[in-house]
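Student: Please take a close look at one part of this model and describe it as one connected account. I would like each term given with its cut-offs, and the setting within the whole chain made clear.

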Amino acid sequence: MKSFGVHLFILVFLAAIASVSVTVQAFTGTYGINYGRIANNILSPDEVVTLLKAAKIKNVRIYDFDHSVLKAFSGTGLELVVGLPNENLRDVSANADHAMNWVKDNVQAYLPGTQIRGIAIGNEVLGGSDEFSGFLLGAIKNVYNALVKLKLSHVVQVTTAHSQAVFDDSFPPSSCVFKDNVVQYMKPLLEFFSQTGAPFCLNAYPFLAYMYNKDQIDINYALFLPTEGADDPKTKLHYDNLLDAQIDAAYAALEKSGFGKMEVIITETGWASHGDENEAAATASNARTFNYNLRKRLAKMKGTPLRPKSVLKAYVFAIFNENLKPGPTSERNFGLFKPDGSTSYDVGFHGYKSSSADSSLPSLKEIRAAGWFGSYSVLLTMAAAFMLVF
């Protein structure tokens, strides 16, 4: 009877384990990085894999579906989010067969060797011109339905990333709402993501907020440095850094739209290390301060003042300085690494090649997995221990 009871317990226990992995998560750690490649002088994808593994950065986001990158990541253990660029939205939205073929060619064909955990449909589509706005939800639904038919929806999550241009009145955080011209697209999008369990993905840059509001924002507040901070008069919450305030503004807008339980993750954030004459805040010193303090902030695995139990996750922008990006000089200088893989400044990483800028700081502890994999491992360990006892 004792043996039967033990076996029954184990079966129930393993069933509980299986239930943990029902909801797919594209971002299973807390610290990730964006792999932008608008450059003609950066490391090859194979060399990038070596660089990322040395830095112990597991979560990686790209902006397209380049096959050389997908092949290089195969068998590495790195987890990848691929992108469907804005210019592809019209075709994928209009034709379910196009979506199916795209998923087969650029996702299914590389699984399971390449750990593709998510697909980002477009980037910052809403809030600017309406060129692609009307195609976003259709493309998302067609790609998701293709994953369902291929039995991959439990493996690959579908999301899209928004800029802060979708918001009105973002300070204080509790006053934030979605812009009137965005609501018609945002509301059905949020309804769909609420059904699929996807998060609200936000590109949030304290650097840009400071640049546009130098007279109102203390730079220390933007850099996670000691400061008086800011209070929200409605919620009575105190903010000691700008990024937390930006995230809670998103939570406030979601709550007012009826989606207060949706998670917010940061799909881009960073600080430029060089800029034009009118970009005085874009210095290597400020970039180092922001990115080093961001790593420390994420390693604490804590939430924001409004959502203290929701562990913050963020992808830093970016791996490299990208010499072919258009726009002001700052746009080409967000990389943690120079094109040859040496560090741009010291935040605790070692470069691909030895460099005088390489870490003299003590390394932070490896980011702990915050998703289902961590729970899964713990449960397996407990089950194994239980079996040994009996």
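Tutor: Tyr292 is found in helix H11 (residues 284-299); helices (H or I, at least four residues) and strands (E, at least two) are DSSP runs, numbered from the N terminus. The model is predicted, so local features are given at pLDDT of at least 70 and side-chain atom pairs at pLDDT 80 or more, while totals for chains, interfaces and linings use all residues. Residues are numbered from 1 along each chain as its sequence is written, and side-chain values use heavy atoms, with hydrogens and water left out.

Tyr292 is buried, at a relative accessible area of 15%; buried means under 20% relative accessible area, exposed over 50%, and partly exposed in between (1.4 Å probe, protein chains only).

The wider setting is as follows. The chain comes to 12 helices and 12 strands, and 50% of its 390 residues count as buried. Contact here means heavy atoms within 4.5 Å. Among contacts between residues at least 6 apart in sequence, 68% join residues at least 24 apart.

Two packed helices are described by the angle between their axes and the distance between the axes. Axes are lines fitted to C-alpha atoms, for helices over the stretch in contact, and angles run from 0 to 180 degrees between N-to-C directions.

Ser133 lies in helix H6 and is buried, with a relative accessible area of 4%. Beyond its neighbours within four places in sequence, Ser133 touches Val125, Leu126 and Tyr185. The C-alpha atoms of Ser133 and Tyr185 are 7.1 Å from each other, with the two residues 52 apart along the chain.

The axes of H6 and helix H7 (residues 180-196) come within 9 Å and cross at roughly 15°. H6 and H7 are therefore roughly parallel to each other; angles under 35 degrees count as roughly parallel, over 145 as roughly antiparallel, 65 to 115 as roughly perpendicular and the rest as oblique. The crossing of H6 and H7 is left-handed, a term used if the near helix is turned anticlockwise from the far one by less than a right angle, with right-handed used if clockwise. On the H6 side the contact is made by Ser133, Gly134, Leu136, Leu137, Ile140, Lys141 and Tyr144, and on the H7 side by Tyr185, Pro188, Leu189, Phe192, Phe193 and Thr196. By class, these residues divide into 9 nonpolar, 3 polar and 1 charged; Ala, Val, Leu, Ile, Met, Phe, Trp, Tyr, Cys and Pro count as nonpolar, Asp, Glu, Lys and Arg as charged, and the others, Gly among them, as polar.

H6 has a further helix partner, H5. The axes of helix H5 (residues 96-106) and helix H6 (residues 133-149) come within 8 Å and cross at roughly 60°. H5 and H6 are therefore oblique to each other, and H5 passes H6 in a right-handed crossing. H5 contributes Ala96, Ala99, Met100 and Val103 to the contact, while H6 contributes Asn142, Val143, Ala146, Leu147 and Lys149. This contact of H5 with H6 has 7 nonpolar, 1 polar and 1 charged residues.

Leu126, already named as a contact of Ser133, also touches Ser163. Ser163 lies in the loop between strand E5 (157-162) and strand E6 (167-168) and is buried, with a relative accessible area of 13%. With neighbours within four places in sequence left aside, its contacts are Glu124, Leu126, Leu202 and Asn203.

Finally, the aromatic rings. Rings of Phe, Tyr and Trp (its six-membered ring) pair if their centres lie within 6.5 Å; planes under 30 degrees apart count as stacked, over 60 as edge-to-face and the rest as tilted. The count comes to 17 aromatic pairs. One of them joins Tyr63 and Phe317, edge-to-face at 6.4 Å centre to centre with 75° between the planes. Tyr63 sits in the loop between strand E2 (59-61) and helix H3 (67-72), and Phe317 in strand E12 (residues 314-317), 254 residues apart. Tyr63 is partly exposed, at 26% relative accessible area, whereas Phe317 is buried at 6%. Ring pairs link Tyr63, Tyr205, Phe207, Phe224, Trp271, Phe290, Phe317 and Phe334 into a cluster.
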